[in-house]
Amino acid sequence: MFDIRMKDHGEVALSGRFDAAQVEKARSVFDQLTTTTVVDFKELDYISSAGLGVLMATQKRLKDAGHKLRLKNVTGHIRDVFNIARFDLIFDIE
Amino acid sequence: MEKKFKRDLRSLEKVFDFIDNFIAKQGIDHSIKNAVYLAIDELFTNMVRYHPKNRNDISLALKKEKNKVIIRLIDRDVEPFDITKSKDPNIQASLDERSPGGLGIYLTKNVVDNIQYEYRDRTSIITLTKNLGRKNV
């Protein structure tokens, strides 16, 4: 079960499994972002390339406006996938 | 274990459940789970996306052999697409130059130990081998 929610202080929190079936749900939040935003991966168990695609598209859009995503609590499986995809080159990972 | 899944991204939850059952029944270390999820998820998703009008289900078979897991995905009445020959994305490129295209197969290649592709009678058969004990994602 995938979930995405905005925390009170403006962070985006992801949880569950972020696969291709969840892209629309994720975009409904990421597409609303207009400024530099922290994304918390603490409760996300799994991510596929579809999830990476949403993050990459959002990063490109925000960069054009002088903003970016900052990723935090990236551990375990998520960290390994980011390493393979070399997301460390295109994201600030706290 | 073998099962057919409806050609729909909403089938992914059932695919994950099927993998969970296989791992539990075979007594396989759970550290392999996300690597198997990822390899199958990426290929299944491609099969759904590339042939959306095809009404055939997609078959998934999982088998444990000694210290390996053998994964086989079978897609019937489709055009050939040899994933072993797909070009890797440039993951060193700048953000402006990068696109998500090709990342799924690249991830799959990185989390399994062998990939074989066969195409006959308009059927794609992809066989993945995952060695147990290897560091997993």
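Let me start with how helix axes are drawn here: they are lines fitted to C-alpha atoms, over the stretch in contact, and angles run from 0 to 180 degrees between N-to-C directions. Helices are DSSP runs (H or I, at least four residues), numbered from the N terminus.

Some housekeeping, everyone. This is a predicted model, where local features need pLDDT of at least 70, side-chain atom pairs count only at pLDDT 80 or more, and totals for chains, interfaces and linings use all residues. Residues are numbered from 1 along each chain as its sequence is written, chains are lettered from A and ligands numbered from 1 in the order in which they are written, and side-chain values use heavy atoms, with hydrogens and water left out.

Let's begin in chain A. Here α1(A) and α2(A) pack at an angle of about 20°, and their axes are 10 Å apart. That angle makes α1(A) roughly parallel to α2(A) (the term covers angles under 35 degrees). The crossing is right-handed, meaning the near helix is turned clockwise from the far one by less than a right angle. From α1(A), V23(A), A26(A), R27(A) and F30(A) meet A50(A), V54(A), L55(A), T58(A) and R61(A) of α2(A), where contact means heavy atoms within 4.5 Å. Sorted by class, that contact has six nonpolar, one polar and two charged residues. In this scheme Ala, Val, Leu, Ile, Met, Phe, Trp, Tyr, Cys and Pro count as nonpolar, Asp, Glu, Lys and Arg as charged, and the others, Gly among them, as polar.

Now, what happens between the chains? Helix α3 of chain A, residues 76-85, and α3(B) have axes that come within 10 Å and cross at roughly 115°. That makes α3(A) roughly perpendicular to α3(B) (65 to 115 degrees). This crossing, too, is right-handed. V81(A), I84(A) and A85(A) make the contact with L103(B), Y106(B), L107(B), N110(B) and V111(B).

Finally, the largest pocket, with a volume of about 320 Å³. On a 1 Å grid over the protein atoms alone, a pocket is an open set of points where a 1.4 Å probe fits, with protein on both sides within 12 Å along at least five of seven lines, and lining residues have an atom within 4 Å of a point. The volume is the space filled by probe spheres set on the points, which are joined across faces, edges and corners. The lining has 19 residues, with S49(A), R49(B), P100(B), G101(B) and G102(B) nearest the centre. By class, the lining divides into nine nonpolar, seven polar and three charged.

Note on methods. Helices (H or I, at least four residues) and strands (E, at least two) are DSSP runs, numbered from the N terminus. Angles under 35 degrees count as roughly parallel, over 145 as roughly antiparallel, 65 to 115 as roughly perpendicular and the rest as oblique.
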